[in-house]
Amino acid sequence: MKIFKSIILGLAGLVALSSCSEWLDVNKNPNTPVSTDAKYHQRLPWMQFYMSHIYHIVASNTSFYCGNFYRANTREGGAAKWNLSSSTRAANAQQWYFTQVGVNCNDLYKQAMEAGAYHYAAAAKFFRAYGFMMLADLFGEIPYNDAFGANPSPVYDNGKTIFLGCIADIEEAIELFGKAQETVDGVPATELIEGDSWNFGDAAKWQKMCYLLKARWLNHLVKKEAGSYKDGKYDANEILACLDKAQKSN
């Protein structure tokens, strides 16, 4: 009798363990897409939409902060009076960048490089540099090297680390936009036009935009001593060289 009881209890335990295993799968919804489902060319339009919105948010916020214009309602009025606790504008920039754009940068870059889609990889580097430079302007120190990783409490980096890292990213973007895309395992890389609503697939225009932003960011060092930008100094010659390769008109 004891043997039968032991067998029954053992079977019950196995059933319970099996049920627990299935119960733990409750967070895996077969009807909901996950990050790996998104193709690299599908990420870019999403990132462009939100990056445009972030730029608008930052421009609007700083105009209120500087007192260029004023409104009396709670949101804008709080920002204009530097009463940030009463204003939802206090958190918008980093919230929209980290959760909508930045979180896609690493995946877009990795997927695109593996597919030989260098122009999409370049766009990933462009957005990483663009977003972090804006946030560094606003906040000074933010998570950069440790951002978008497994660490739930990413380490903060100082402004110089972020600045030089962003310049390196934009320089890689310039290089990748200048490369011809490739065919990998018989599959040609998706043309940039499929996901690009900003420059309609024209990699040369993307390059010009990269040079323009590089010049703009290097000019942030105007109060530093003259020297190489790679050392964090004011490099007027490099700024002029970048402007020479940037857009000349609308």
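This is a predicted model: local features need pLDDT of at least 70, side-chain atom pairs count only at pLDDT 80 or more; totals for chains, interfaces and linings use all residues.
Helix α5, residues 118-139, packs against helix α6, residues 159-177, at an angle of about 155°, and their axes are 8 Å apart. That angle makes α5 roughly antiparallel to α6. The crossing of α5 past α6 is left-handed.

Next, the contact itself. On the α5 side the residues include Y118, F126, F132 and M133, and on the α6 side they include I162, F163, I170 and L176. By class, this contact has 16 nonpolar, one polar and four charged residues.

Now the charged part. How many salt bridges does a search of the whole structure find? The search finds six. One of them pairs D169 with K125, with the closest N and O atoms 3.3 Å apart. D169 is in helix α6 and K125 in helix α5, so this pair ties together parts that are 44 residues apart in sequence. D169 counts as buried because its relative accessibility is 6%, under the 20% cut-off. K125 is buried too, at a relative accessible area of 16%.

D169 also meets R128 in a salt bridge, at 3.4 Å from N to O. That pair again links α5 to α6, 41 residues apart. R128 is buried, with a relative accessible area of 11%. K125, R128, D169 and E172 are linked in a network of salt bridges.

Last, another helix. K214 forms a salt bridge with E171, the closest N and O atoms being 2.8 Å apart. K214 lies in helix α7, residues 203-218, and E171 in α6, so the pair ties together parts 43 residues apart in sequence. K214 is buried at 4% relative accessible area, whereas E171, at 25% relative accessibility, counts as partly exposed.

Terms used. Residues are numbered from 1 along each chain as its sequence is written. Side-chain values use heavy atoms; hydrogens and water are left out. Axes are lines fitted to C-alpha atoms, for helices over the stretch in contact, and angles run from 0 to 180 degrees between N-to-C directions. Helices (H or I, at least four residues) and strands (E, at least two) are DSSP runs, numbered from the N terminus. Angles under 35 degrees count as roughly parallel, over 145 as roughly antiparallel, 65 to 115 as roughly perpendicular and the rest as oblique. A crossing is left-handed if the near helix is turned anticlockwise from the far one by less than a right angle, and right-handed if clockwise. Contact means heavy atoms within 4.5 Å. Ala, Val, Leu, Ile, Met, Phe, Trp, Tyr, Cys and Pro count as nonpolar, Asp, Glu, Lys and Arg as charged, and the others, Gly among them, as polar. A salt bridge is a side-chain nitrogen of Lys or Arg within 4 Å of a carboxyl oxygen of Asp or Glu. Buried means under 20% relative accessible area, exposed over 50%, partly exposed in between (1.4 Å probe, protein chains only).
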